[in-house]
Structure formats: structure tokens, C-alpha cells
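These are my notebook entries on a structure that I went through element by element. I record what I looked up and what I found.

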Amino acid sequence: MNSKTIKLAIIGMGRMGITHYSIINSHPDVIIESVADPSRLALSMISKYLKIKTFKNYEDLFKETNPDAVLVCTPPVLHYPIVKLAAEKGIHAFVEKPFTTKLSESSALRNLYSEKGLVNQVGYVNRFNDIFGKVKEFVEAGLIGKIVRFKSEMFSCTITHSDDGSGWRSSRDSGGGAVFEMASHAIDLVNFLVGKPDKIIGTSFNNIYSKNVEDAVSSTFLYENGITGTLYINWSDTSYRKPTNKIEIFGNGGRILADQYTIKVFLNKPNDEYKLRQGWNTVYITDVFKPVPFYVRGNEFTSQLYHFIDCIQGKTKINKCSFKDGADTIEIIENIFNDYEKNGRI
Amino acid sequence: MQKIDKIVFGDNQFFGINHMSQDKAQELSEKFYDIKNIFKVYHIAFDGGIRGIMLNSNDRAKEICSYFRDNNNKFKDISWYPSVPYPHKYANLIAEKGILPTINEVLFKDNSALGVLGMVTKGGMAVLGKDEMKMMQMLIDTEMKMFKGLNLNTVFLQNIITDLMLGYGVKEVFYEYCEYIRKKYKCNAGLITQNLPYLKTKLEEWGIKDIVLCSSFNKIGYLMSPSVEEYIKATKNNDPADYQIMVMSTMASGAIPAKEAYEFINQQNIQSVVFGASSEKNIKETVSLQ
């Protein structure tokens with residue numbers, strides 16, 4: 001083991017923990033030393049085939065091992081106590097989205113990590129998608145002029161049957177529901193590409209299949225500088241084969257429409273630097289993708305975890321999706337819930 | 001190992017899958033809503049000399065398989081290359097319910113053909129959970145039911161599963177999968193991957209041979225980890241007696257014109273190309289370029 005080797009622990013071996021394990025296990029400088037998960041079945045399979053330590057809970061993992069970094073992939077309501085303990089032990093942390101379920105907790109973790117100077121990242125994977133990265137470049141280069149309006153949408157066919165209301169995904173207190181699970185992605189994209197809104201109005205929710213949580217949500221975002229935008233999310237839309245983010249940004253110099261695979265951009269004036277014509281242009285993922293060393297679920301999933309390791313190794317100074325970014329999204333989510341409670345019902 | 005067809009006809013175009021354009025995906029999905037239009041395209045492919053079909057085990061594939069099974073005497077010389085599982089079925093179920101309840105539902109609900117209805121569902125999972133290889137075999141059988149009676153050449157494991165398991169680096173999973181396919185289905189075992197160089201290195205290290213490897217291969221390196229150069233290196237000195245290589249995404253979802261794409265592909269040491277197209281012009285053009 002050389003000095004730059006990073007000893008890693010993974011807490012929560014559900015869908016994301018399983019994926020992250022596979023991806024980060026390919027990194028030449030990372031050794032996964034331990035995992036924690038309450039499922040006996042998961043742990044017995046892991047200890048049968050993988051030479052790592054397994055724990056039923058995170059407290060024991062932190063007591064008995066000393067990882068350099070941790071990936072936290074539990075239900076969101078558990079993120080706060082786990083990450084707080086990790087901070088106290090001086091452990092760098094990657095936390096799945098949504099960062100926490102309360103702004104007070106998100107802010108506390110953000111402050112704790114910045115005081116300790118530890119690497120901190122939240123799993124908003126769209127920031128590592130090569131198309132959305134290019135959209136950000138276009139916006140920052142002023143290609144579409146001054147931003148006036150935007151629309152951020154996300155669709156999937158995740159919830160398509162009535163539920164019995166059990167399980168953490170069916171409870172808002174645990175971080176379930178379309179706002180925490182899906183709108184968080186669309187909100188983070190707004191923060192990433194346009195900036196954080198100053199006020200939320202006009203929130204409405206729909207229950208389509210879920211008993212206790214919302215399946216569709218829309219909201220309006222207002223900015224002090226005059227920008228306005230709308231958010232619309234539906235996770236019960238069977239016309240979508242897989243989760244899709246769509247963003248449309250209108251500026252006084254043109255318009256951008258993008259999803260994970262394609263950018264359509266209309267420009268009032270041509271741009272030589274990006275070789276874009278006046279009028280319509282299309283940029284495909286095949287034009288802008290950056291290859292990754294190991295592929296499991298899309299380049300962005302690999303890029304985000306390798307970025308976390310780069311930050312720990314000091315190869316990159318600024319984290320692309322820090323706890324501050326995670327807390328910003330939670331702040332907006334709280335405002336969406338507050339707006340809904342006050343104004344969202346007749 | 002059974003030899004694979006030089007050209008195999010893929011299926012994405014039939015199921016409204018087009019990664020680059022949702023409008024195009026919708027257009028295709030409407031065009032092929034009537035299954036007769038799917039069969040028409042297959043006949044064009046057969047007329048062009050194609051004798052291999054790759055088909056993912058999604059819901060519509062059932063109807064396609066039935067048609068070919070019912071007309072088996074007409075299609076005796078067609079070889080089948082199923083790929084399992086249909087990943088989105090599992091992805092959506094897992095997102096909604098979690099991993100174990102998903103396996104439980106797939107294996108024990110409406111699955112009388114497996115003869116496991118007698119098992120109490122929860123107890124069934126507890127027993128199976130201790131024998132994950134048996135669980136894997138049952139999942140494969142569930143997905144493979146629809147291909148019964150067809151002339152199988154290779155059964156492929158979808159890349160989402162291959163590459164996920166590759167990241168864990170567990171030899172047993174690959175070994176057991178390949179052995180099971182060969183024994184039970186009497187055909188080649190195949191693995192689809194987006195990490196061909198790394199997968200091949202690991203398989204060699206584990207001594208697992210006689211496998212068909214299927215991967216994206218195009219001159220711009222799209223969906224090829226870690227790089228196009230490593231792919232060329234990994235295939236250059238490959239002995240097809242150990243690993244037959246089938247390639248897909250040769251035109252990188254349309255980013256490379258057909259002629260240019262195949263100028264590159266035809267220089268590579270590969271055994272087969274799988275491609276999908278929905279028009280006679282495109283099918284004929286692609287066949288003629290190989």
C-alpha cells in the first residue's frame with residue numbers, strides 16, 4: 001500500500017451503494033476496507049466473496065476501522081448522524097443526494113466540514129454529465145446573453161403502482177417522495193446552471209399512485225435580478241423509459257434546450273469559439289463525451305467518484321458538488337414544502 | 001465453441017430506444033407499435049443475407065419469439081442471440097421496492113413455469129438468499145422462458161450486470177454464469193461489456209475461456225472504457241478460439257457515417273457486428289459495407 005492509497009468505507013449497500021462499490025473498486029488508488037448495512041443477506045454475500053470487513057451498523061464501523069474516506073448511501077434521513085460522526089473522526093465524505101432531510105442539518109454538516117478542511121461531496125450526478133457541463137460552459141461564455149427565463153424538468157416511470165405506504169421511499173420524513181428523490185436533481189441543475197433562486201412561489205403537488213408522498217410537483221422560482229423559472233417533476237410518467245432531465249434556458253441572445261444526451265442551441269449571433277452558427281445548432285453527447293477509465297452506469301457516475309478521490313489526493317482544489325451545493329438544494333426544498341403548506345391547496 | 005454469425009441484427013430500433021433523440025425514439029415506437037412492421041423489417045434483413053438475431057428479453061420480445069417459434073419451419077436457419085435481463089424492468093422495480101423484494105417479485109409472482117409456486121414467498125427468499133448462484137440461475141431461466149424452442153447461438157448477459165459484477169472482481173459469478181448457460185441452454189455464453197480490455201484481462205487471469213464478448217467499438221471511442229487504443233490492443237492478438245468478439249455501436253449512435261465507420265471496423269480483429277436499422281436502405285448499406 002503506498003502513501004496515496006485511500007482506505008474507503010461504504011455505508012448502505014442498497015442500489016447506490018452497490019453501484020458505487022463496483023465503480024470505485026476500479027480506482028487504482030482506492031482500497032475498499034469495510035461496508036456497513038443492516039441486511040444480513042447483503043452482508044453474508046459480501047463477506048463470502050469479498051475480502052472486506054462488514055458491520056451491521058455505522059457506529060461499529062467507525063469504532064473498529066479507521067477509513068480515510070466514506071461513501072454514505074443510506075436512506076437520506078440517516079445521513080446526518082453518520083456524516084457528523086465521520087467529521088468528528090476526520091473522514092472525507094461523499095454523501096448521496098438529497099444531502100439531508102433538513103436545512104439545519106445540512107448547514108451544520110457544511111460548517112463542520114469546512115472548519116475541519118475535509119473533502120465533502122454530494123451525489124448530484126448531473127453535474128458530471130458531459131452535456132450539462134457543456135451547457136454550463138455555453139451559459140458562462142455568454143452564448144445566449146443574459147438569462148431571462150428557464151424551465152427545469154425531470155421525468156421517469158419510477159412509481160407506477162399504488163403502494164401500501166410502507167418503506168422509507170413512501171415517507172417524506174425519511175427523505176422519500178418526488179421532491180426529495182427527483183426534484184432535488186432538477187433543482188440542483190438550476191443552481192448549477194443559473195444560480196440559487198431568492199423566492200419560491202406557486203408550488204403544487206399531485207398524488208398519482210403514492211399514498212403519503214407527492215408523485216408530481218411544480219414550482220416557480222424568482223430571482224432578485226429579475227430571472228424567473230419553473231420546475232416540473234413527475235416520477236409516474238410511463239412515457240419515459242428512463243429518468244430524464246430536461247432544461248431550457250432563454251436568454252436575450254438565444255435559447256438552449258438540453259437533456260442528458262443532446263443540446264439544441266439557437267443563437268442570435270454566430271459564435272466562432274464554439275463553432276456554432278447563427279440559428280439552430282445541435283450538439284450530441286458523442287461530440288462532447290470524455291472517456292472514463294471504467295464504465296458501469298454512465299460516464300457521469302464514474303466521473304463523480306473519481307473527482308471525489310482527486311479532491312482527497314489534492315489533484316483538484318475545488319469540489320464540483322460540495323456540501324454547500326447540497327445544502328443550497330435542501331434550502332430550496334424546504335421553501336417548496338413551506339410554499340406548498342401555505343399556498344398549495346384550495 | 002459454436003461459431004457466431006458475421007452479421008447479427010439488433011433490436012433497439014424496435015423498442016423506441018434511441019439515445020440521441022427522444023423524437024426519433026417516439027417515431028420508431030409508433031412505427032413498430034404494430035408488430036407486423038417489426039416482422040417486415042426482419043424479412044428485409046433476412047433477404048439481405050442476415051441469419052442472426054439479437055433480442056433483449058423485454059415484454060415485446062415475447063411476441064417476436066412466439067411468431068418465430070410458430071413458424072419454425074420457415075426460419076430453421078436463423079440463429080438467436082438473446083440478451084438478459086431487460087434492465088429497465090429491474091431498475092424501476094428496484095427503485096420502487098428495493099433489491100430483494102424485486103427478486104422476490106420476479107421469481108415468485110406469476111411464475112408458475114418455474115415450479116416454485118409452492119414456496120412461501122418470504123421463506124423462499126430466505127432459502128434462496130443463502131444460495132445466490134441458484135438465485136441467479138432462476139433469474140436467468142425466468143428471462144429465458146420466452147426464447148424456448150428457438151435455435152440459440154449465444155446467450156448474453158447485459159452490460160449493466162456484467163460491468164457491475166466486473167467492478168466487484170468476483171470470479172465465481174462469471175464462471176457460474178458461463179457454465180450454466182453452456183450446460184442448460186447448450187449454446188455459447190456471452191458477456192456484453194463497456195469495458196472490453198479490462199474484462200478480457202480478468203477472464204484470462206481467471207482462466208475463463210470459450211466466451212463471446214460483445215462491446216461497443218467505434219473510431220471515436222464512444223462507450224469504450226478506457227479508450228479506443230486499449231480496445232485495438234486488446235483485440236489485435238486475440239485468438240477467436242478463446243474469445244469471439246462481437247461489436248456494436250459501430251456508428252456511435254449516428255455520429256460516424258456508415259462508410260467511415262466500417263472502414264475502421266473492417267481493419268479490426270473482430271468476428272461479428274451487431275447492428276440495428278429500420279429501413280431497407282440502411283440495412284442493405286450496412287450489410288454491403290462488411
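**Entry 1: a helix of chain B**

Against which elements do the buried residues of α8(B) pack? I note first that the model is predicted. I found that the buried residues of α8(B) pack against α1 of chain A together with β4 (154-157), β5 (188-193) and α10 of chain B. I then listed the residues concerned: in α8 (residues 159-168) of chain B, Asn159(B), Ile161(B), Thr162(B), Asp163(B), Leu166(B) and Gly167(B) are buried. I also looked at what follows the helix: Gly169(B) comes after α8(B) and has a positive phi, near 65 degrees.

**Entry 2: two helices of chain B**

I next examined α10 (residues 196-206) and α11 (residues 228-236) of chain B. Their axes come within 8 Å and cross at roughly 35 degrees. From α10(B), I listed Leu196(B), Pro197(B) and Lys200(B), which meet Glu230(B), Tyr231(B), Lys233(B) and Ala234(B) in α11(B). The residues of this contact divide into four nonpolar, no polar and three charged.

How many residues of β7(B) are buried? I found six of six in this strand (residues 243-248), which is mostly covered. Tyr243(B), Ile245(B) and Val247(B) point one way, while Gln244(B), Met246(B) and Met248(B) point the other way, and all are buried. I set beside this the general rule that in a regular strand the side chains alternate between the two faces of the sheet.

I then traced the pairing of β7(B). Strand β6 (residues 211-216) of chain B runs parallel to β7(B) and is joined to it by six bridges; the bridge partner of Ser215(B) is Val247(B) in β7(B). I recorded β6(B), α11(B) and β7(B) as a right-handed β-α-β unit. Strand β8 (residues 272-275) of chain B also pairs with β7(B) in the parallel sense, over two bridges, and Met246(B) stands opposite Ser272(B) in β8(B). β7(B), helix α12 (residues 258-265) of chain B and β8(B) likewise make a right-handed β-α-β unit.

**Entry 3: the eight-stranded sheet of chain A**

I followed an open sheet of eight strands in chain A, in the order β8-β9-β10-β7-β11-β12-β13-β14, with mixed pairing. β8 (199-206) and β14 (279-284) of chain A are the edge strands, each pairing on one side only. On average, neighbouring strands of this sheet are turned by 10 degrees against each other, direction ignored. As one pairing within it I took β11 (residues 244-251) and β12 (residues 254-258) of chain A, which are antiparallel over five bridges; there, Glu248(A) stands opposite Leu257(A) in β12(A).

I then asked which strands helix α7 (residues 178-193) of chain A lies across. They are β7 (147-155), β9 (216-222), β10 (228-234) and β11 of chain A, and α7(A) runs at about 150 degrees to β7(A). Helix α10 (residues 323-343) of chain A lies across β8 and β9 of chain A, at about 70 degrees to β8(A).

**Entry 4: one residue of chain A**

Val72(A) counts as buried because it has 27 C-beta neighbours inside 10 Å. Not counting residues up to four places away in sequence, Val72(A) touches several residues, among them Ile11(A), Ile82(A), Phe94(A) and Val95(A).

**Entry 5: chain A as a whole**

Chain A has 10 helices and 14 strands. Its radius of gyration is 21 Å, close to the 20 Å of the globule rule for 346 residues, so chain A is as compact as a globular protein of that length. Along its principal axes the C-alpha trace of chain A spans about 60 × 50 × 40 Å. Buried residues make up 49% of the 346 residues in chain A.

How values were computed. Residues numbered from 1 in each chain as written. Chains lettered and ligands numbered in written order. Predicted model: local features only at pLDDT ≥ 70, side-chain atom pairs only at ≥ 80, totals over all residues. Axes fitted to C-alpha atoms, helices over the stretch in contact; angles between N-to-C directions. Helix = DSSP H or I, 4+ residues; strand = E, 2+ residues; numbered from the N terminus. Contact = placed C-beta atoms within 7 Å. Nonpolar A, V, L, I, M, F, W, Y, C, P; charged D, E, K, R; others polar. Pairing = 2+ DSSP bridges. Rg over C-alpha atoms; globule rule 2.2 N^0.38 Å. Buried ≥ 20, exposed ≤ 12 C-beta atoms within 10 Å, placed from the backbone. Right-handed = clockwise from strand over helix to strand, strands pointing away.
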